[in-house]
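Reader: I'm new to this one and would like a close look at a single part. Could you take me through the salt bridges and whatever surrounds them?

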Amino acid sequence: MNQWCDTFKIVNYFAIIIMSKRISDYEDITNAEALEVLRNILATYGPSPKLETSMEYLSKFSKTSSDNAKKLVKELEERFGLTKVTAIQLVNIMPQSIDEIKSIISSEKGEFKNEELEEILNILSKYSKVQG
């Protein structure tokens with residue numbers, strides 16, 4: 001499992017524990033969405049050192065807003081047939097090259113044409129906070 005998935009699972013775990021003391025449901029979300037969830041939890045329940053550490057990490061590595069992240073995941077799933085987990089990883093990492101995209105989508109079924117990979121790169125760069 002990669003660093004981003006592990007971080008999300010930790011954040012998701014803490015969010016659910018604070019609210020219900022047990023895990024009742026699980027959903028894959030982007031770092032940006034997890035950051036929004038943590039902000040809401042901290043606003044509701046007050047400070048928590050562990051959550052604040054996770055929030056710092058997510059603030060540093062979220063590459064777009066929560067709303068844009070949701071739109072991107074949906075668009076990548078619908079336009080390119082990517083799984084939700086792969087789309088989330090693309091949004092979390094915001095690759096800067098076709099080679100980076102290829103390494104992230106290598107687990108997907110089928111092959112992607114260079115035109116499709118370029119289109120994915122263009123879509124991601126449109127929403128990225130970190131350009132260049």
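Author: Let's start with Lys84, which is partly exposed, at a relative accessible area of 33%. That label covers the range between buried, under 20% relative accessible area, and exposed, over 50%, using a 1.4 Å probe and protein chains only. Lys84 forms a salt bridge with Glu27, and the closest N and O atoms of the two are 3.4 Å apart. The term salt bridge here means a side-chain nitrogen of Lys or Arg within 4 Å of a carboxyl oxygen of Asp or Glu. Lys84 sits in helix H5, while Glu27 is in the loop between helix H1 (3–20) and helix H2 (31–45), so this pair ties together parts that are 57 residues apart in sequence. Glu27 also counts as partly exposed, with 48% relative accessibility. As for the general idea, side chains of opposite charge can pair when their charged atoms come close.

Before going on, a word about what you're looking at: this is a predicted model, in which local features need pLDDT of at least 70 and side-chain atom pairs count only at pLDDT 80 or more, while totals for chains, interfaces and linings use all residues. Residues are numbered from 1 along each chain as its sequence is written, and side-chain values use heavy atoms, with hydrogens and water left out.

Back to the charges. The structure holds 3 salt bridges, and Glu75, Arg79 and Glu119 are linked in a network of them. Take Glu75 and Arg79: their closest N and O atoms are 2.7 Å apart. Both lie in helix H4 (residues 66–80), 4 residues apart, or about one turn of the helix. Helices here are DSSP runs of H or I with at least four residues, strands are runs of E with at least two, and both are numbered from the N terminus. Glu75 is buried, at a relative accessible area of 16%, whereas Arg79 is partly exposed at 46%.

Arg79 also meets the side chain of Glu119 in a salt bridge, at 1.8 Å from N to O. Glu119 belongs to helix H7 (residues 114–127) and Arg79 to helix H4, so this pair ties together parts that are 40 residues apart in sequence. With 28% relative accessibility, Glu119 is partly exposed.

Now follow helix H5 (84–93) to the loop between it and helix H6 (98–104), and you'll find Met94. Met94 is buried, with a relative accessible area of 3%. Leaving aside residues up to four places away in sequence, Met94 touches Lys63, Thr64, Leu72, Leu124, Tyr127 and Ser128; a contact means heavy atoms within 4.5 Å. Thr64 is 30 residues from Met94 along the chain, and their C-alpha atoms are separated by 8.9 Å. The phi of Met94 is near 50°, a positive value in a residue other than glycine. Most residues other than glycine have a negative phi.

Now zoom out. The protein has 7 helices and 0 strands, and buried residues make up 41% of its 132 residues. Among contacts between residues at least 6 apart in sequence, 57% join residues at least 24 apart.
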